[in-house]
Amino acid sequence: MNRLAGKVALVTGAGRGIGAAIARAFAAEGAAVVLAELDGATAAAMARDIANACAGARTLAVQTDVTQPASLRAAVEEAQRAFGPVDVLVNNAGINVFADPLTMTDEDWRRCFAVDLDGVWNGCRAVLPGMVERRAGSIINIASTHAFQIIPGCFPYPVAKHGVIGLTRALGIEYAPQNVRVNAIAPGYIETQLTHDWWNAQPDPQAARKATLELPPMKRIGRPEEVAMTAVFLASDEAPFINASCITIDGGRTALHHE
Ligand code: NDP
């Protein structure tokens, strides 16, 4: 299928997990995809993997640190040199920083915000001038159900993710007249390395995994590809009037009061 034919997309944190699934789905739909990832080797391996799996796919790996505005600006310039102006940005890179508020270090606070909120803004700021000038663009920010629900002991990750929703709404409104759409996706539990790391950090990883799978009404957690399908939709011309919105992908978990 060619739902993104002719588009150039840049996906941050695309070396693995949700970002890799989005990059793969975008390439399968005909977009030229830039994998902007902290680990250059991981990005290059994933870019090759996608290109091999997807006949005719155009991929480019660019080592990028989303905490550094200059790094994102350079990635956007490299994308433009290789494929043309960036039509779609997915701010996906994120880290879990789960701590108790009062014992958390200042460094933990800064590390969380540097990636999970500043990183999103840095991406937006790097592409917005071009999108505004061309009067076209779609920005997709990967938030989380932590953007509207709180789990004790997971501070300050949800604070940053609440900020991602605020940033999405503010920029969506600001640049709507220029036809730039800014939306968010809020995944619930999705099976990635991030989730495995969290299970493995628990006293009984198997029990933690089992408990997580029981949480959604569908009695399973999501797959990265299930987030990618929504990203394709938001990036495509099928969602021209969806702006400053957030789509939740959690099998209904956040609608559940309790069982
Ligand atoms: P992963 O940890 O599997 O992947 C995250 C990717 O982001 C890694 O490749 C990582 O690179 C990269 N990354 C981290 N820091 C930076 C940085 N400074 N610059 C560029 N890239 C960076 O996570 P997921 O795929 O699970 O998560 C992706 C997004 O989805 C995150 O924003 C996360 O908060 C969100 N999310 C995930 C959920 C889940 O259950 N998995 C649920 C809700 C939201 P490296 O490995 O080299 O550090």
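## Surroundings of threonine 168

Threonine 168 touches Asn141, Val182, Asn183, Ala184, Ala244 and Ser245, with residues up to four places away in sequence not counted and contact meaning heavy atoms within 4.5 Å. The model is a predicted one, in which local features need pLDDT of at least 70 and side-chain atom pairs count only at pLDDT 80 or more, while totals for chains, interfaces and linings use all residues. Residues are numbered from 1 along each chain as its sequence is written, and side-chain values use heavy atoms, with hydrogens and water left out.

Threonine 168 lies in helix α5 (residues 157–174), where helices (H or I, at least four residues) and strands (E, at least two) are DSSP runs numbered from the N terminus. With a relative accessible area of 2%, threonine 168 is buried (buried is under 20%, exposed over 50%, partly exposed in between, with a 1.4 Å probe and protein chains only).

## The sheet and the helices on it

An open sheet of seven strands runs in the order β3-β2-β1-β4-β6-β8-β9 with parallel pairing, two strands being paired if DSSP finds at least two bridges between them. Because β3 (58–63) and β9 (246–249) stand at the edges, each with a single partner strand, one side of each is left without a neighbour in the sheet. From one strand to the next the twist averages 15 degrees.

Strands β6 (residues 137–142) and β8 (residues 180–187) pair in the parallel sense over six bridges, and the bridge partner of serine 138 in β8 is arginine 181. Helix α5 packs on the sheet, touching β6, β8 and β9, and its direction makes about 160 degrees with that of β8; such angles run from 0 to 180 degrees between N-to-C directions, and axes are lines fitted to C-alpha atoms, for helices over the stretch in contact.

## Packing of α4 against α5

The axes of helix α4 (residues 106–134) and α5 come within 8 Å and cross at roughly 15 degrees. That angle makes α4 roughly parallel to α5, given that angles under 35 degrees count as roughly parallel, over 145 as roughly antiparallel, 65 to 115 as roughly perpendicular and the rest as oblique.

Among the residues making this contact are Trp109, Phe113 and Trp121 of α4 and Tyr157, Val164 and Leu167 of α5.

## Packing of α1 against α8

Helix α1 (residues 17–28) and helix α8 (residues 224–235) pack at an angle of about 50 degrees, with their axes 8 Å apart. That makes α1 oblique to α8. The contact includes Ile18, Ile22 and Phe26 of α1, together with Val227, Ala231 and Val232 of α8.
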